[in-house]
Amino acid sequence: MIYDQLARYYDALVGDDEACRMWEEFVKKHVKPCKMLELACGSGEITNALYQDGYDILATDISEAMINELNKKYPYIKTQILDMNNFKMDEKYDSVICFCDSINYLMDYHQMVDSVYDVLNDHGIFMFDMHTLDRIKEFEDEYIEEGYLDDIPYQWTITSYFNQIHQHFAFYCDNSVLQEQHVQYVFDSNEVIDYLKQKGFKVKVYTDFVLDGIQNGEKIFIVGEKIC
């Protein structure tokens, strides 16, 4: 399972207070405090920011290790282990969020969209982000990052292959190597938008948080309102 080894190092490796604030402000711009479901919550930095803003949020993730890390930091937040690819819930929600390009971990997004549609109240809001096609070009030449986390040497490499982004993490501790391999799938943004509309969402699109429409950048942000 991905993030089993990475969970304990996640915040130190990719934590970004400024980016967390931008995701928080993006949500606040599009939906007021409400009953919210978060998919792929990770270690809960965005979750906690929204909780402090008054959102009644249930944080979910497929990785038990990541949920455990969130629970250690924020024991007051409701959590549940959940596979975002295909799920059902007993309750309905006013909003569903899925950030940090988590949708790109799915080979196919259609079942996820269907599941989200089913758990949203009428006029509920679905917000998520995903890689742009520019990311494929960015990682045609392998990216390599090396350093130390709590005195533990690590190496993080990223490379692209057709429509995939491959990330490899290695942590060198006590004469052993902890490794994880992540694969993300980059989708055509227009195809994703078309499916959301076919499903019954009214869609707004942004690039890199604030730019209107699909432009050159790292992430596409989609806000879908369930209208039928």
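Let me start with a term: the radius of gyration is taken over C-alpha atoms here, and the globule rule is 2.2 Å times the number of residues to the power 0.38. For 228 residues a compact globule would come out near 17 Å, and our chain has 17 Å, so the two agree.

A quick word on what you are looking at, everyone. This is a predicted model, where local features need pLDDT of at least 70, side-chain atom pairs count only at pLDDT 80 or more, and totals for chains, interfaces and linings use all residues. Residues are numbered from 1 along each chain as its sequence is written, and side-chain values use heavy atoms, with hydrogens and water left out.

Now the overall picture. The C-alpha trace spans about 55 × 40 × 30 Å along its principal axes. We have seven helices and twelve strands, taken as DSSP runs numbered from the N terminus (helices H or I, at least four residues; strands E, at least two). Of the 228 residues, 52% count as buried; buried means under 20% relative accessible area, exposed over 50%, and partly exposed in between, with a 1.4 Å probe and protein chains only.

Let's zoom in on helix α5, residues 110-119. Which of its residues are buried? They are Met-112, Val-113, Ser-115, Val-116, Tyr-117 and Val-119. These buried residues pack against β1, β4, β5, α7, β10 and β12, where a contact means heavy atoms within 4.5 Å.

Next, for those of you who like backbone angles. Most residues other than glycine have a negative phi. Cys-100, in the loop between β4 and α5, has a positive phi of about 60 degrees although it is not a glycine. Asn-175 also has a positive phi, of about 65 degrees, and lies in the loop between β8 and β9. Are these two residues buried or exposed? Cys-100 is partly exposed, at 27% relative accessible area, while Asn-175 counts as exposed, at 89%.

Finally, the cysteines. Cys-34 is buried, with a relative accessible area of 13%.
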